[in-house]
Structures are given as structure tokens and as C-alpha cells.
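I opened my notebook to look this structure up piece by piece. These are my entries.

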Amino acid sequence: MDEKKKMPAALDPLKFRAAVYDQIAGEDVGFSNYSYWRSTLRTFFRSKAVVFLVTAVLAMIVMSIVYPIVSSVDPRAVVVDPRQWNLRPSMDHFFGTDSLGRDIWARAWYGARNSFLLGFAIACSDVGFGTLAGALWGYNKKLDPFFVELYNIITNIPSTVYLVLLAYIMNTSYLTLFFAMASRGWIVEARFFRNRILSIRDSEYNIASRCLGTPMHRIAFRNIVPHIISLIIMEAALCIPYSIGSEVFMGFVGVGLPVDAITLGNIVNQGRQSFTLHPYQMLLPTAILCLITVAFYVIGNKFADASDPRNHV
Amino acid sequence: MEQQRKQEPILSAKDVRIQFNLRGQILTAVRGASLDLYEGETLAIVGESGCGKSVFTKSFIGMLDKNGRVTGGSIHYRGEELTAYTTEQEWLKVRGKKIAMVFQDPMTSLNPVRTIGEQITEVITWHFGTEHEKAKQEAIEILKKVGISDAEVRYRQYPGEFSGGMRQRVVIATAIACRPEILICDEPTTALDVTVQAQILKLIKELQQEYHMTVVYITHDLGVVANVADRVSVMYAGQIVEHGLVREIFHEPAHPYTKALLQSLPQLGVKGHELYSIKGTPPNLFKEIRGDAFAPRNPRAMEIDFEEEPPMFQISETHWAKTWLLHPLAEGYRAKIEAEDAARKDKIVPDSPFDYSHAKKLLQVKDLSVNFKLGAKQFKAVDTVSFDIYKGETLSLVGESGSGKTTIGRAIMRIYGSNVEGSILYEGEEITGRLSREKAKDLHMEMQMIFQDPMASLNERAKVDYIISEGLYNYHLYEDEKDRERKVVAIMQEVGLSQDFITRFPHEFSGGQRQRIGIARSLVMGPDFIVADEPISALDVSIRAQVINLLNKMKKERNLTYLFIAHDLSVVRFISDRIAVIHKGRLVELAPCEELFAQPLHPYTKALLSAVPYPDPDVERNKILLTYDSRMHSYETDPPVWTEILPGHFILANRQEIAIYQKEIDDAAGRRAE
């Protein structure tokens with residue numbers, strides 16, 4: 001190696017003396033200002049599809065809330081004039097009218113609102129009860145056999161049979177539907193959260209908290225919940241399309257909501273009856289339904305990916 | 001050695017620059033590092049974590065992560081320019097076949113769902129096109145070579161059926177299956193126990209001789225370096241700052257960083273005095289580095305170090321260092337600091353040993369057993385262990401992983417419920433079983449624990465303020481919010497953390513700082529007794545020294561008593577008053593620190609002591625490795641008892657063995673008298 005070439009031309013001899021040692025600068029670490037939530041959100045929104053779908057979902061939620069308030073069109077208004085029946089989409093009726101002359105565009109947004117409400121309600125109850133039960137299940141070893149049996153019993157009954165049976169026993173109503181789906185969804189979530197809680201329960205920082213005498217409720221709220229909050233969000237997002245889909249399915253097998261209830265399931269179902277003659281009556285509401293379910297599904301999965309620190313590159 | 005110099009290097013890396021694209025920023029992990037490898041030699045690359053050691057060597061076989069690439073310099077291997085390779089096909093000619101790599105964690109390189117035999121056979125057929133049966137024979141041969149007995153049977157087993165050391169042997173077997181010319185070992189023994197580590201190092205040495213391989217070790221353990229290396233390259237902030245023969249590096253280090261690394265080793269420290277420690281961490285390589293990268297952490301840096309990057313200076317034929325200290329203009333300054341060093345060394349006198357004659361028993365453990373249920377089976381993690389801890393001493397508990405040492409610590413901290421048998425007395429009062437709220441509170445105030453992994457033991461989602469205050473909140477140990485804050489700031493200053501850190505999250509700190517947060521969290525309760533569960537094993541050499549110093553300082557200032565759990569005997573010698581050795585859940589020997597080192601009696605203690613790497617190449621190469629096999633005892637007919645063979649020196653032995661040990665003691669005493 002040629003030293004001379006690398007040397008700066010002139011070196012100041014005075015520079016070869018002790019420099020002032022800066023205590024603070026010496027301690028200054030090369031820490032990266034990594035923040036879990038910031039990185040999660042950045043990874044999440046880096047995908048253009050996610051940005052599009054989140055915007056679409058937000059727009060649809062706003063639309064389904066705002067439309068019923070501002071619009072004067074009554075989604076239940078039956079027209080006697082047969083010329084107003086089965087109209088094709090036009091400027092007056094964006095999605096056309098159905099066989100009773102009801103405006104499908106209006107019905108679609110009322111339906112979307114109701115389906116969203118149902119979906120959110122079920123997601124909240126499933127994930128809410130699921131987290132609570134999962135926490136108990138994961139934290140208390142004595143409860144483990146009980147929950148395992150309960151899980152086996154509930155999940156081994158085919159969901160179709162169970163839903164049909166419940167709809168038969170109780171009257172068909174929003175409450176029945178909510179009850180039917182919420183009564184079995186929580187256990188699946190509980191098992192998921194149980195596994196996650198189990199894996200962080202014995203980590204060193206929890207043992208440290210126990211050594212300090214931290215009471216259980218504070219361990220739960222400061223040590224456990226913040227670590228699984230992103231999972232809770234993800235599970236809730238995945239729960240919504242599932243519940244909306246279930247509602248459509250129940251309508252399909254004929255045990256869903258009464259015919260006069262406006263939900264996406266009912267609209268699609270009614271459109272199905274005249275599908276061969278007037279396909280748009282089913283296709284257009286189905287498109288909204290698909291957009292909602294696919295969007296939530298993709299958002300949920302992408303969020304799960306983004307919340308994994310290994311993907312924070 | 002001299003012959004080697006005249007040879008052409010087989011691999012020659014020049015001014016290699018490696019950059020990563022990380023979260024939209026450019027990270028320059030390697031900043032112009034150069035390296036020559038000669039046939040048959042062993043080179044060790046040392047440095048703290050985050051200095052680019054692994055990344056540098058990974059670039060030799062094209063295994064950089066997807067977001068990284070070589071952006072400058074050249075890597076010549078046998079006339080081939082490796083930096084010009086772009087496709088996997090090209091790399092496969094070299095990777096595995098000519099240059100193989102062994103990683104720290106064996107499980108990352110083994111497939112858990114295939115038998116180990118298949119995995120080795122596959123490597124052979126893949127690279128040489130050998131037919132299956134023949135490859136299988138070869139694989140069995142190689143398994144035998146790496147010291148796996150019953151190779152035919154083991155061939156059909158899965159990685160899960162092997163212990164950590166055996167797995168590492170299998171990984172070495174796959175690596176050497178293609179007879180590579182260069183074997184790169186990336187921290188090959190860091191995850192292993194000392195006794196296993198010594199065996200693996202021996203194995204690699206033997207294989208190297210047999211196959212005439214060139215071996216590159218990447219490690220931060222200077223004891224390992226002293227044992228294996230012919231030449232050493234010291235890496236800092238993506239550059240090789242010093243390289244030379246192993247003796248030159250250990251005996252005449254030139255770069256301030258090399259000196260600092262060596263000085264911070266507890267083996268070279270003097271009991272009762274501060275260890276030398278390097279403050280801070282390696283620099284953030286996202287930023288442009290000006291001058292000597294080590295200057296900000298070097299209390300004796302010169303002004304020029306902050307302004308100009310030093311060139312490589314040649315010290316001898318084989319020894320080079322990249323520091324301005326070697327410039328003719330710095331001669332005066334160099335002489336001055338050398339004189340200072342010498343003067344300081346002469347002044348240090350070790351502390352006198354702990355005085356047990358007036359010591360009070362603080363904690364008494366009697367016949368402690370801890371059982372765990374593994375499916376239907378019961379598993380005894382700790383088996384009838386008894387010892388006392390005196391007020392003000394440091395008792396170290398040393399053993400391999402899985403020996404039950406952490407379990408003892410946690411049993412004392414009352415983490416386990418009904419699976420604890422026996423009794424633990426703290427200041428004469430029983431603390432196992434259910435306690436009243438008041439009692440539990442008192443114990444939490446008096447006994448605290450420090451944890452091994454500074455990454456896992458802090459709640460990632462809580463601010464430092466909350467982490468340190470956790471205990472204060474639990475028992476409301478403050479008058480008002482202001483008082484709490486004052487207490488937190490006071491303890492942070494005591495452990496050497498700036499009070500500005502109070503609103504930061506744990507991930508913004510280095511390992512050493514995080515460990516200090518953990519220590520502050522325990523000390524804020526004002527405890528008398530601390531269980532330190534391997535508080536330094538997960539840390540870099542330089543940071544170890546900081547934490548050891550802090551623990552010692554706290555002990556003196558607050559008159560603490562420690563139960564120090566460790567697997568590294570070298571650290572233990574520096575800080576403890578007495579040492580207890582534990583093997584498979586049973587204590588086998590307990591003695592005052594220096595007595596244990598001078599006169600170990602139990603064969604397990606002897607084996608453990610012989611395996612500890614010592615950071616001096618001359619000592620390390622002449623040592624004799626002892627092995628321990630528990631089958632040597634005949635405990636069926638004559639069960640062992642925990643006996644006090646000398647005052648304060650306990651041993652687990654049966655009657656026959658006691659007689660042998662007694663004779664050993666008498667012989668040694670006789671020799672000393674002569």
C-alpha cells in the first residue's frame with residue numbers, strides 16, 4: 001500500500017494533540033429512530049393497492065351514511081306503474097329499478113349501511129369477547145382444558161346447520177342474525193389471541209413486572225394489550241367481510257333477514273330471481289358487495305404483513 | 001509463517017464498499033475494507049456487533065440481503081472477480097463449493113423436517129453429481145469425521161433430535177462436504193456452552209489440518225481468537241482498522257480501538273477496580289463519517305482524528321494499523337499516553353477478599369427442588385440444592401445452559417408456584433408458598449432481579465419513564481407526581497443515563513443502555529438483594545465492561561448482595577466472592593472464588609475451567625482440554641452428599657470420592673509447604 005499518496009498534502013503538527021473529549025458525543029449511540037407504529041403505517045401505505053382500497057372503503061362508508069340522510073328517494077317506495085318496473089340503469093336510476101319499481105341505487109346504499117352496521121357490530125363483539133376470553137385462556141392454565149373442549153364443541157358443529165337452526169328457532173331479525181354469528185365467532189378469535197398471549201406471557205419483561213409486584217390488570221393493559229393491538233385491528237378488519245358474506249349466504253339459503261329488510265344480502269338475492277332477464281339488478285349490487293369484502297380482506301391481510309416488524313425494511 | 005507472506009493470497013478483497021437501502025436511506029455497512037487470505041491460514045475478524053464483519057464476509061459468497069450490494073472495490077478469488085458476478089448460477093460455482101460458511105445458529109442452516117443425512121447427501125450430489133448411494137457413504141464418512149458417533153443411525157435422524165453442539169457439528173459437516181478451500185465461521189460457538197465451544201473449535205482445527213482449508217472466524221470473543229487465529233483483523237465501522245499476527249495484536253496493539261477492546265476484558269481486570277470500558281456504540285453508518293470513526297468514543301483522541309481519515313501505517317512486515325498515532329508527528333503524544341498507561345498499571349492493587357468471619361446470612365436455600373411437568377412426565381430442573389448467601393457478598397452460580405441456574409434465581413424471586421419444594425429463608429423468614437400482601441410487598445422492595453436479554457426484558461411499547469416507575473406505581477412509593485419524577489431522574493443519573501431519555505422508548509437505546517434501564521428499574525425499589533440473571537451474556541465485550549462496572553459501583557454504594565448467575569467463568573472471577581458450580585440441577589462444588597480457580601476438586605469444575613478461553617495466545621495454545629462424563633461416578637451404590645470438605649469449600653461427592661479429594665488437597669498442601 002502506498003502511504004504517501006493517501007496522505008493529505010500538509011498536516012498541521014498542532015492537530016496532533018489531545019482533543020477535548022466530549023462525554024455526551026461519546027455516549028451518543030447510533031440508534032435508529034425506529035418507531036413501531038410509524039414503520040407499520042409506512043409499510044402499510046407503501047402499496048398503491050392499499051391506498052386505493054382504503055380510500056374506496058372510506059368513500060363507501062361515508063356514502064352509505066350520507067346518502068340515506070340527504071337523499072329523498074325512498075328505497076321501499078313501490079311504484080304501481082309497470083313502466084317503472086325493471087328499468088335499465090339511466091340518469092334517473094343509476095342502477096335501474098327492480099321488479100317493483102324500487103330504485104336499486106338507493107337500495108344499494110341503504111343496504112350497504114345496514115350490512116356495514118351488522119359487520120361492525122359482529123366484528124366488535126367477536127374480537128372484543130375473543131380478546132377477553134383469549135386473555136383468560138392464555139393467562140390461566142387451569143382454564144385451558146375447559147376452553148379447549150368449548151372450542152372443539154363449537155367449531156365441530158357445521159356452521160350452516162347451526163345458523164339454519166338458530167334462524168328457525170328465533171324469528172328472523174337483525175338481532176337473531178347478530179346473535180347467530182356472534183355466538184360462535186368469538187371462540188375462533190379467542191384461540192388466536194390465546195396463542196399470541198401465550199407466546200408473550202413468559203417473556204422476560206413480563207417476569208420483570210412480576211418481580212416488581214405489578215398487579216395483573218396493569219400487566220394486561222401495559223404489557224400485553226399494546227403488543228397485540230395491531231393483531232386486534234387486523235382481526236377486526238378480516239371479520240367484517242366475513243360477517244357481510246355470512247349475511248348474504250343466510251339470505252341465499254332462505255333463513256336470512258325478512259324480505260322487507262334492506263341489506264346487501266337481500267338485494268343480491270332479489271336480483272338473483274330476475275337474473276336471466278335483468279342481470280344488472282344483481283350484478284351492480286354484487287359489485288359493491290365484492291368491493292367491500294375484497295377491500296377489507298386485502299386491507300386486513302396487508303395490515304397483518306405491515307404490522308410484522310420483519311417487514312419494516 | 002514467513003513462507004506464507006511470500007505466497008500469493010487465494011482471496012484478496014480490496015476497498016470493498018457495501019451499501020444497503022434501508023427504509024429509504026442508504027446505509028454504508030462496509031466502507032472500503034481490504035483483506036488478504038492465504039492458503040491454510042486462520043484469520044479472525046473481530047469487532048463489536050454492528051461493525052460490518054458478517055456483511056463483509058457474506059459478500060465473498062454473494063449472500064448479501066436483497067437490499068444490499070457491493071458498490072465499490074474488488075474481491076479476487078483465484079483469478080476470478082467475484083464482484084462481477086450477477087446471477088445465482090455464477091455464485092453457485094463458488095458458494096458452498098469453494099467458499100463455505102457456518103453460521104451462529106445451527107437451526108438457521110438446517111431444515112427441521114428432513115433428516116440430517118439427506119441434507120448432507122443432497123449437498124454432495126448437488127455439487128459433484130455423485131450418485132445417491134455413493135453420496136450416502138460419503139455423508140456417513142463426513143459425519144464420523146465431525147465426531148458424531150453412530151453415524152449410520154444418526155444419519156436418519158432429524159435436527160430436532162440433536163443437541164446444540166451436535167447440530168453445529170452437522171452444520172460443519174454440510175459445510176465441509178464439498179471440500180471447500182475457504183471456510184467462513186460466523187460466530188460459530190457464541191450460542192454454545194464453553195465446554196462444547198472448546199470441542200467445536202478443536203474439531204474445526206483438526207478438519208482444517210486435514211483438508212488444508214483456510215478458515216475465517218468472525219467473532220467478538222477474544223478468547224476464541226487467541227485460541228485459533230494465526231492472523232487477526234480488527235474491524236470498526238465498516239473498515240479494517242488493524243491487522244497483524246495474533247501475537248502482535250494481543251501484545252502490541254496499536255489502534256486505540258484494539259487497545260480498548262483488549263483492556264475491557266474482565267480477565268485482564270483487577271478485582272475491586274473499574275474495568276476499562278468503551279463508552280457509546282459504533283457509529284451510525286447512515287451518516288457520512290469524518291476522520292477516524294473511533295475518535296468520538298476515544299477519550300484520548302487527537303484533534304486530527306476528527307478531521308482527516310488516517311491512512312494504514314505499517315508497523316512490521318505483518319502488522320498494519322490505521323491510526324494517526326503512528327504518524328511521525330504524533331510521536332510525542334504517543335509517548336505521553338504510553339507513560340500514563342504504564343503508571344496507572346503499577347498503581348493498581350487488588351481489593352482484599354470478602355471477610356466472612358463477621359458476615360450475616362441473608363438468604364438460606366435448603367434442599368430446594370423445582371419440578372416441571374413435561375406432558376405426563378415430571379422433570380426435575382433443580383434437585384435438592386442448598387446454599388447460603390451472606391450479606392454484602394457476591395455469590396456466583398455457574399453452569400451450562402439447561403443446568404437449572406436461572407430456575408434457582410427465579411425460584412428465589414418466587415416466580416414459580418406449587419412446583420417449588422424445600423425452603424428458602426430470607427433474613428430467617430420462610431418465603432416460599434403463599435404470603436400475605438404486606439409480606440409480598442416487603443419482599444418486592446428488598447429483592448429484585450436483573451435480566452439477561454436487554455432486548456426482551458424491557459417492555460417495547462412503554463416509555464423509559466414508565467418502565468423505571470413501574471415498581472413505584474405498584475406500591476405507590478411516591479408522594480406526588482413531582483416526587484416520582486424526581487426519583488426516576490435521580491436513579492437514571494445514578495446508572496449514568498441522561499435525564500433527557502425519560503420520554504424515549506427502549507428501542508432507541510443500545511444494549512448497554514438498555515441494561516442500565518433494567519438495572520435502574522430494579523434499584524429504584526431500594527433493594528438489598530439482587531438476583532442478576534446473566535446480565536452481561538447477551539452484550540458485546542465493550543458494553544460488558546460498562547455493566548460490570550455499574551454493578552460493582554452499585555454494590556459498593558448501596559451495600560448490595562448479589563446472586564450472580566452466569567455461564568462465563570472469566571467474568572465471574574472478576575466480580576464474585578464465592579462461586580457455586582451447578583450441573584444438571586445439582587450443585588457440584590461451592591468455594592471462595594480464588595480457591596476454586598486455584599484448586600478445583602470436582603471433575604466437572606475442572607473440565608469447565610479448562611474450557612474457558614483466555615485472551616492470550618500463548619496461554620490459550622498450551623492449554624489441555626479436560627472432559628467430564630457423569631458416568632464416571634458410581635452413585636447407585638453409594639449416593640453422593642453435599643459435604644464441606646474444607647472450611648467454606650463444599651462439594652457433592654460420595655464417601656469414596658471424598659477420600660480421593662481429601663488426598664488431592666493434602667498433596668497440594670504438601671507441595672505448597674515444600
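The entries below go through chain B by topic.

**Entry 1: what kind of model**

I noted at the start that this is a predicted model.

**Entry 2: strand 9**

I began with strand 9 of chain B, residues 231-236. I asked: is strand 9 of chain B enclosed or open? I found 6 of its 6 residues buried, so strand 9 is largely enclosed by the rest of the structure. Here I needed the cut-off: a residue is buried if 20 or more other C-beta atoms lie within 10 Å of its own.

I then checked which way the side chains of strand 9 of chain B go. Arg231(B), Ser233(B) and Met235(B) point one way. Val232(B), Val234(B) and Tyr236(B) point the other way. All of these are buried.

Next I looked up the partners. Strand 3 of chain B, residues 42-46, pairs with strand 9 of chain B in the parallel sense, over 4 bridges. I found Ala44(B) opposite Val232(B) of strand 9. Strand 10 of chain B, residues 239-245, runs antiparallel to strand 9 of chain B, with 6 bridges between them. Here Ser233(B) has His243(B) in strand 10 as its bridge partner.

Strands 9 and 10 of chain B make a hairpin with 2 residues between the strands. In that hairpin, Ala237(B) takes a positive phi near 50 degrees.

**Entry 3: other positive phi values**

I kept a general point in mind: most residues other than glycine have a negative phi. I listed two more exceptions.

Asp15(B) has a phi near 45 degrees. I placed Asp15(B) in strand 1 of chain B, residues 11-22. Asp15(B) has 13 other C-beta atoms within 10 Å and is partly exposed.

His212(B) has a positive phi of about 50 degrees. I found His212(B) in the loop between helix 9 and strand 8 (214-219) of chain B. His212(B) has 10 other C-beta atoms within 10 Å, so it is exposed.

I turned to helix 8 of chain B, residues 164-176. Helix 8 has 13 residues and reaches 19 Å from its first C-alpha to its last, close to the 18 Å expected. I counted on the burial next: 10 of the 13 residues are buried, so helix 8 of chain B is largely enclosed by the rest of the structure. Among the buried residues are Arg167(B), Val170(B), Val171(B) and Ile172(B).

What covers the buried residues of helix 8 of chain B? I found that the cover includes strand 6 (99-102), helix 5 (116-128), helix 6 (132-145) and helix 9 (194-211) of chain B.

Helix 24 of chain B, residues 655-673, has 19 residues. From its first C-alpha to its last, helix 24 reaches 27 Å, close to the 27 Å expected. I noted that helix 24 of chain B is hardly covered, with a count of 1 buried residue among its 19.

**Entry 4: the open sheet**

I traced an open sheet of 8 strands in chain B, in the order 18-19-20-15-21-22-24-23, with mixed pairing. Strand 18 and strand 23 (641-646) of chain B stand at the edges, each with a single partner strand, so one side of each has no neighbour in the sheet. The twist averages 20 degrees from one strand to the next.

Inside this order I looked at strand 21 (residues 578-583) and strand 22 (residues 586-592) of chain B, which run antiparallel and are joined by 6 bridges. His583(B) has Arg586(B) in strand 22 as its bridge partner. Helix 22 of chain B, residues 603-611, lies across strands 21 and 22, at about 105 degrees to strand 21.

**Entry 5: domains**

I saw chain B divided into domain 1 (361-599) and domain 2 (633-674). Their C-alpha centres lie 32 Å apart. I found 10 residues of domain 1 of chain B in contact with 7 residues of domain 2. Strand 22 of chain B gives the largest share of the domain 1 side, 7 residues. That side divides into 5 nonpolar, 2 polar and 3 charged residues.

**Entry 6: chain B against chain A**

Last, I looked at the contact between chains. I found 54 residues of chain B in contact with 39 residues of chain A. Helix 15 (437-446), strand 18 (447-450) and helix 16 (464-475) of chain B each supply at least two residues of the chain B side. The largest share, 4 residues, comes from helix 16 of chain B. The chain B side divides into 27 nonpolar, 14 polar and 13 charged residues.

Terms used
Residues numbered from 1 in each chain as written. Chains lettered and ligands numbered in written order. Predicted model: local features only at pLDDT ≥ 70, side-chain atom pairs only at ≥ 80, totals over all residues. Buried ≥ 20, exposed ≤ 12 C-beta atoms within 10 Å, placed from the backbone. Pairing = 2+ DSSP bridges. Contact = placed C-beta atoms within 7 Å. Nonpolar A, V, L, I, M, F, W, Y, C, P; charged D, E, K, R; others polar. Axes fitted to C-alpha atoms, helices over the stretch in contact; angles between N-to-C directions. Expected span 1.5 Å × (residues − 1). Domains from an automatic or database assignment.
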